[in-house]
Structure formats: structure tokens, C-alpha cells
Amino acid sequence: MPATATRAGARHPQPFDLQAYLSDRTKAVNRALDRFLPRATTRPATIHKAMRYSLFAGGKRMRPALCLAAAEACGGSVEDAMPLACAVECIHTYSLIHDDLPAMDNDDYRRGKPTNHKVFGEGLAILAGDALLTQAFEIAAKCQSWSRYSHRDIILEIAHAAGSLQLIAGQVADLEGEGKKIPAGELKYIHERKTSALLCCSVRLGGMSANCTAAQLKALTDFGYNVGLAFQIIDDILDITQTTEQLGKTAGKDTAAQKATYPSIVGLEESRRIAQRLTNRAFAALKIFRGKAIALEALAVHLLQRDR
Ligand code: GRG
């Protein structure tokens, strides 16, 4: 298991200060999101307050970090990747607002704060989610295009990950599977769509913003897919092992809702082993970058070892 990030494909492993990296990138992402979104006072102010409430509630910013790190691995810049990193975070935040609604997971607590509908009411929360989803496409449409990737490619990438074949498909299967005994294969189908698709999209967009080659995009896709699956398994483990305060969202929800998860099907230890195997596969995909994907490697290890 890669306990600390080292350079895959590099001869001399070097330590990497992920905490400093994440702190720096999070601040930059927050500044950019603040610029992209209408001000909280812009009419109608309630919707802009509601959008900003969830967007700036203290999310870990893992998808933007993955997007920016992928761009850097391909020789691109944080500046060029930033609009796409922000677009992905808007989509992610929208999905969380809607996921917390009474008609979905019915949650009171998210990112350490009362959920959007608890503060603004259900109607506004639905609209805030809709507006963030739309905002993502506006941000992506306004950004530059690259010689290998047009606006059409970028928009299609986001639409595919967020649409009824991926993110929403995962949520539908998740809803329909509640209280039922489902096989591990079906659970993988859910995780691929509900979680892995947007994480994978984040790293692919980072690569595209750096004008990556087809081989680099393939490597990023393999990396994102495996990290995405590991991410959800760890999320399910944390739902059991951590407290609501530690997670910033209600712990123990999966057991209460009788949701199928890897821990409920194969147990905690085997779930950890599967997440480790997936992370190893993600690491292996980065060999092509010959040591330039150090931030992506560090993020993969961090996502495996995280406690919230
Ligand atoms: C369109 C009605 C409608 C709903 C869409 C697709 C969807 C609702 C919800 C999926 C949301 C979900 C719970 C996905 C699973 C991925 C996951 C574990 C999210 C939590 O991500 P973190 O830990 O959260 O990165 P923070 O708050 O840190 O950003």
C-alpha cells in the first residue's frame, strides 16, 4: 500500500506536502467560485444566498483538487483548469442539496451545517440545486477552448457525467435499492455512476484543460474511475465508523435506511482491502506521467486514508 505519496514511475520517491497543497488549492477554488457566482445581494437575493450557503458551507473540495492536479500532471496550469474545477464543484454541490431533500435521503445536516432545505425551505433548495447545475454549464461555456478539446467536448463531458446515464442513474438505482438485498455487481453499478463518474469527469476535465494527449486522457480515466470507486467504499466505511460531528453529515444513515454498501455485504475489513486494491490500480494508471502526477498520487492516498 502506498502509505505516503511517492512518484509513480520516478526513480527517487519524494515526499509531497498534501496539506499545504490542499489548503492553497481550496483557497484558490473558493476565490474563483466567489467570482463566478452572482453576489448574494443580486436579485432575487434568496436564491443566490441559498446557492452560496451550500457552496461555501465547508466542502472538502476534492473534485476541484483532482481536476487541478490532473491539469498539472499534464503540464497545464491551475489558471486554465480553474473554471472547470469550479463547474464540477457546482454540480457536486447541487447533487448534495438534492440528495438531502425529504424526497431523497431526507437529511438535516451537511458539511457541518443544517441542510439547504432546513434553512431556505424545500422550494428554494430545489431551485438552488437547479441553479448550481445550470451555473456549471455557464462557467464551462464561458471558458476558453483548446486545440485538442472544443467547448462541445467539454460540455458533453460534464453533461454525460451529470446526466441520466451516470450521476442520476446512480441515484435512481440507489433509491430503488433501498431496503432490498442487492448483489455486489449491482452495488458496483451504483458506485460507478453515483460517485465515480463525477470524480472521473473532474480529472478528465483537468487533463483536457491542459490539452492532454489521448494516452494521458486514458490514464486519467483509469485513475479517476478507480479512485472514484474507492472513494465511495471509504465513504460507506466512514458512515459506520465515524460520528456525525466528525463527518459533518449524519452518520449511520446507510444502516438506518437499510442501504446496501460494501461493509454491509462483505464486512469492514474486506471493504478496506477492496478500496486499497482500487487505489493501487489508480496509482498504476499514473505511471505514464513519469513522476509528474505527484499531487494526484498524494490525493489518491489521502482519499483512501481520510477520516471524514
Ligand atoms: C437530480 C433530484 C436529483 C438528485 C440528484 C445524484 C444525486 C442527486 C445525488 C448524489 C449525491 C451523492 C450522495 C453522491 C455520493 C458521492 C459522495 C460520497 C458525496 C460526498 O462527497 P464529499 O465527501 O463531500 O466530497 P463534500 O461535502 O466534502 O464536498
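Start at the ligand. Select the 19 residues around it; Lys-60, Arg-63, His-92, Tyr-94 and Arg-111 come nearest. A residue counts as near if one of its heavy atoms lies within 4 Å of the molecule. This is a predicted model: local features need pLDDT of at least 70, side-chain atom pairs need pLDDT 80 or more, and totals for chains, interfaces and linings use all residues. Residues are numbered from 1 along each chain as its sequence is written, and side-chain values use heavy atoms, with hydrogens and water left out.

**Stop 1**

Show the side chain of Lys-60. One of its N or O atoms is 2.6 Å from an oxygen atom of the ligand. Go on to Arg-63, where the corresponding distance to a ligand oxygen is 2.8 Å. Then pick Arg-111, with a side-chain N or O atom 2.7 Å from an oxygen of the ligand. The protein buries 89% of the 740 Å² that the ligand exposes when taken alone. These areas come from the Shrake-Rupley method with a 1.4 Å probe.

**Stop 2: the shell**

Colour helices H4 (78-99), H8 (167-177), H9 (184-209) and H10 (214-241). Each supplies at least two residues of the shell around the ligand. Helices are DSSP runs (H or I, at least four residues), numbered from the N terminus. H4 gives the largest share, six residues. By class, the shell holds six nonpolar, seven polar and six charged residues. Here Asp, Glu, Lys and Arg count as charged; Ala, Val, Leu, Ile, Met, Phe, Trp, Tyr, Cys and Pro as nonpolar; the others, Gly among them, as polar.

**Stop 3: a salt bridge**

Select Asp-34 and Arg-52. Their side chains meet in a salt bridge, 2.7 Å from N to O. The pair links distant parts of the chain, 18 residues apart: Asp-34 is in helix H1 (residues 18-36) and Arg-52 in helix H2 (residues 45-55). The whole structure has 22 salt bridges (a side-chain nitrogen of Lys or Arg within 4 Å of a carboxyl oxygen of Asp or Glu).

**Stop 4: two backbone spots**

Most residues other than glycine have a negative phi, and most peptide bonds are trans. Now zoom to Pro-44, in the loop between H1 and H2. A cis peptide bond joins Arg-43 to Pro-44, with omega about -5 degrees. Finish at Asn-211, in the loop between H9 and H10. Its phi is positive, near 60 degrees.

Key: Polar contact = N/O pair within 3.5 Å; in protein donor to acceptor, adjacent residues only side chain to side chain.
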